[in-house]
Amino acid sequence: MKNHLTPLEPKADKATVRRHNLSLVLRAVHDAGEATRAGVATHVGLTRAAVSSLVEQLLEYGFVTEWGKTSSGQVGRPGTVLKVARTGPAGLGVEINIDYVAVCVVDLAGTDRVRLVEHVDNRGAPPSQVLAHAARLAARAIGSAAEQDLLPAGVHLALPGLVTGGTVRQAPNLGWTRVAVEGIFAQALLALHPAHRALPVSSDNEANAAALAELWFGVGTEGVRSFLYLTGEIGVGGALVLQGELLRGAHGFAGEVGHMVLEPDGPLCRCGARGCLEQYAGQAALLRAAGIDADSGVRGVTDLGRRARHGEPAALAAIEQAGRRLGVVVSGAVNLFDPGAVMLGGAYRELMEWLAPAVERELALRVVSGLWTEGGKRLRAASPLGDAARGAAGVIVREVLEDPAAYAERAGE
């Protein structure tokens, strides 16, 4: 009989335990918003003396600050209020999409401190050119952050395609195949600041980053730990969060809802298959059906919303048809994963007023549990344009919170 037990890990030494506890205390202060040493000790299950020692280290690193006194309601002296610092380490997120680039700097408390968006058509452009442009925008954000005494601890890229191991394996709507995005971007950013140490660069799919933004920062997902996120851009991106964790799949490519097939013999998709959802409900398909230039991007979506608001039949019919198609596919995903909500972002968010009724009708008709129409509104609008950049910045912030000692060591090099 084979032994399937997980191999035992080496016993943690004192330094490893302290490193873990340092993160535990920092995350306790972060999650509470503000806390006393006594409150943190109660929450994490450590002695007050141990917490006080760890807090002193966090104060020295600049991760937390003290904000006066508060009464705990217990006998004894008032405690000093601790808050996560609004200066020092931060997260830098960069979203590269088909027709825009967005950059966001988020501090340790999760507050947006810098946000830049530039509309540019990236289709057909050389990857090095697009990534260099994104690096220039990121450099501007780093400069703005420095004026606020913030220093990004790293950069996380969010891209519209299959991303793994620092490489975009395939991004059909950009026309990219096997592009080493992390290395190219890192070199472009370093070239702009040769005297500055190289920032760590990581990457992921943009829908994943946007879903994480909803999980960590979004008001629409408050109280919901399992949801399906869909974004309508030139393509249709998707991500699934289950019990507060992003579902990645065996190869990291889960959530490609835009390439679920509606019609096997339908229109040829850029991915090489036929009849994919994005050929019926993607941004370009929506605009084309409404008689608007399919390549007009965000401006076209704004125009489509204006026409719908004025009751133009072609606009309303295009949105209703896309909503019906979207509802069919989303119903299948809801039946398979049973999320607590479905979040619509990108162009779908902008057109929510007219899109939602058609999607809701299909969900009410096709979700087998019959529970879709119960328990309040489950089809919700996601956060605005560029929020994948915020989610990407949040990834860096989470890394700092998980191991503040590692950041302090890098900063001291």
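# Salt bridges, cores and cysteines

Glutamate 320 and arginine 361 form a salt bridge in which the closest N and O atoms are 3.0 Å apart. Because glutamate 320 sits in helix α10 and arginine 361 in helix α12 (residues 352–366), this pair ties together parts that are 41 residues apart in sequence. The model is predicted. In the whole structure, a search finds 21 salt bridges, while the count of disulfides is zero.

**Salt bridges**

- Side chains of opposite charge can pair when their charged atoms come close.
- Both partners of the opening pair are partly exposed: glutamate 320 has 32% relative accessibility, and arginine 361 has a relative accessible area of 45%.
- Glutamate 34 and lysine 83 form another salt bridge, with 3.6 Å between the closest N and O atoms.
- That pair links distant parts of the chain, 49 residues apart: glutamate 34 is in the loop between α1 (14–32) and α2 (37–44), and lysine 83 is in strand β2 (residues 79–84).
- Glutamate 34 counts as partly exposed at 47% relative accessibility, and lysine 83 counts as partly exposed at 24%.
- Aspartate 121 forms a salt bridge with arginine 123, their closest N and O atoms being 2.9 Å apart.
- With a relative accessible area of 44%, aspartate 121 is partly exposed.
- A network of salt bridges links Asp112, Arg115, Asp387 and Arg390.

**Nonpolar cores**

- There are 39 residues in the largest nonpolar core, and Leu304, Leu326 and Leu344 have the most contacts inside it.
- Helix α10 (residues 313–337) gives the largest share of this core, nine residues.
- Leaving out residues up to four places away in sequence, leucine 326 touches Leu230, Leu277, Leu344, Tyr348, Leu355 and Val359.
- A second, separate core has 38 residues, including Val101, Ala138, Leu157 and Trp176.

**Cysteines**

- A disulfide is a covalent bond between the sulfur atoms of two cysteines.
- The closest cysteine sulfur to that of cysteine 269 belongs to cysteine 271, at 3.7 Å, which is too far for a bond.
- The cut-off for a disulfide is a pair of cysteine sulfur atoms within 2.5 Å.
- Cysteine 269 counts as buried because its relative accessibility is 4%.
- Cysteine 104 also counts as buried, with 0% relative accessibility.

How values were computed
Residues are numbered from 1 along each chain as its sequence is written. This is a predicted model: local features need pLDDT of at least 70, side-chain atom pairs count only at pLDDT 80 or more; totals for chains, interfaces and linings use all residues. Side-chain values use heavy atoms; hydrogens and water are left out. Buried means under 20% relative accessible area, exposed over 50%, partly exposed in between (1.4 Å probe, protein chains only). A nonpolar core is a set of buried Ala, Val, Leu, Ile, Met, Phe, Trp, Tyr and Cys residues joined through side-chain atoms within 4.5 Å. Helices (H or I, at least four residues) and strands (E, at least two) are DSSP runs, numbered from the N terminus. Contact means heavy atoms within 4.5 Å. A salt bridge is a side-chain nitrogen of Lys or Arg within 4 Å of a carboxyl oxygen of Asp or Glu.
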